[in-house]
Amino acid sequence: LLTALVERKLDFVVCDISKYDDSPSAERISVIKLPSEPLVAVMSANRQWDAADLEEPARLRWALPTPAPFSARDLPRPFLEAFAAGRFPYYQLEATSACIELARAGHALTMVPRSLAIEACRNGDLEYYEVPKPLRTNDGIHFVRHRSRSSVAQNAIEAIQIGRASCRERV
């Protein structure tokens, strides 16, 4: 996404602010920070997990978007160890929606912002749970500095800001 943004193939990108901090293109990018939101675990309501798996959740098959919605340094110890060993997450996908669909099918768990989990769980085929160590989003709207934006892009950015603020008030 960074390459597409810098090459002006995208008007903006919404993702974790820390993903661009160390980028060689960081000086060319501006960021509008979005309100933070708690992350929750989402799983199929029909999937039964073994008690042993639930005692060691880092052993479960997690599906997370690339990049993950949190910093690895924020992970609880068992997850951090599994991450360092290359066992966490089990699936890395390009889209959060794909992670949710894997969870819906019962093949994995995922972690998403609470507002998204509430929406995804509305029909009852998914459930969400608070995670033991509070993890939060660190998202921002990234765009190329000194580049004019179309009215459509500007309207989309404003809608994202309003939507995230509204989600924050509801959760």
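Buried means under 20% relative accessible area, exposed means over 50%, and partly exposed lies in between, with a 1.4 Å probe and protein chains only. This is a predicted model, in which local features need pLDDT of at least 70, side-chain atom pairs count only at pLDDT 80 or more, and totals for chains, interfaces and linings use all residues. Residues are numbered from 1 along each chain as its sequence is written, and side-chain values use heavy atoms, with hydrogens and water left out.

Start with Arg8. Arg8 sits in the loop between α1 (2-6) and β1. Helices (H or I, at least four residues) and strands (E, at least two) are DSSP runs, numbered from the N terminus. Arg8 is partly exposed, at a relative accessible area of 43%. Its phi is near 65°, a positive value in a residue other than glycine. Most residues other than glycine have a negative phi, and most peptide bonds are trans. His146 also has a positive phi, near 60°. His146 belongs to the loop between β8 and α7 (151-170). With a relative accessible area of 78%, His146 is exposed. The peptide bond from Phe88 to Pro89 is cis, with omega near -5°. Pro89 is in the loop between α4 and β5 (91-93).

Now the open sheet. Three strands make it up, in the order β1-β8-β2, and the pairing is antiparallel. Two strands pair if DSSP finds at least two bridges between them. Strands of a sheet pair through backbone hydrogen bonds, either parallel or antiparallel. β1 (13-16) and β2 (29-33) are the edge strands, each with a single partner, so one side of each has no neighbour in the sheet. Neighbouring strands are turned by 35° against each other on average, direction ignored. Here axes are lines fitted to C-alpha atoms, for helices over the stretch in contact, and angles run from 0 to 180 degrees between N-to-C directions. Four bridges link β1 to β8 (residues 139-144) in the antiparallel sense. Val13 stands opposite His142 in β8.

Asp16 is also part of β1. Is Asp16 buried or exposed? At 5% relative accessibility, Asp16 counts as buried.

Move to β4. Trp62 and Leu64 point one way from this strand, Ala63 and Pro65 the other way, and all are buried. β4 runs parallel to β6, joined by two bridges. Trp62 stands opposite Leu109 in β6. β4 also pairs with β5, in the parallel sense, over three bridges. There, Pro65 has Leu93 of β5 as its bridge partner.

Which residues have the most contacts inside the largest nonpolar core? They are Trp62, Leu75, Phe79, Phe88, Leu109, Met111 and Leu135, in a core of 15 residues. A nonpolar core is a set of buried Ala, Val, Leu, Ile, Met, Phe, Trp, Tyr and Cys residues joined through side-chain atoms within 4.5 Å. β3 (39-44), β4 (62-65), α4 (77-84) and β6 (109-113) each supply at least two residues of this core. β3 gives the most, with three residues. A second, separate core has nine residues, including Val40, Ile100, Val112 and Leu126.

Just after α5, Gly106 takes a positive phi of about 85°. The backbone oxygen of Gly106 lies 3.2 Å from a polar atom of the Arg47 side chain. Arg47 is in the loop between β3 and α3 (51-55). Arg47 is partly exposed, with a relative accessible area of 34%. Arg47 and Ala108 are 61 residues apart in sequence and 9.4 Å apart in space, C-alpha to C-alpha.

Key
Polar contact = N/O pair within 3.5 Å; in protein donor to acceptor, adjacent residues only side chain to side chain.
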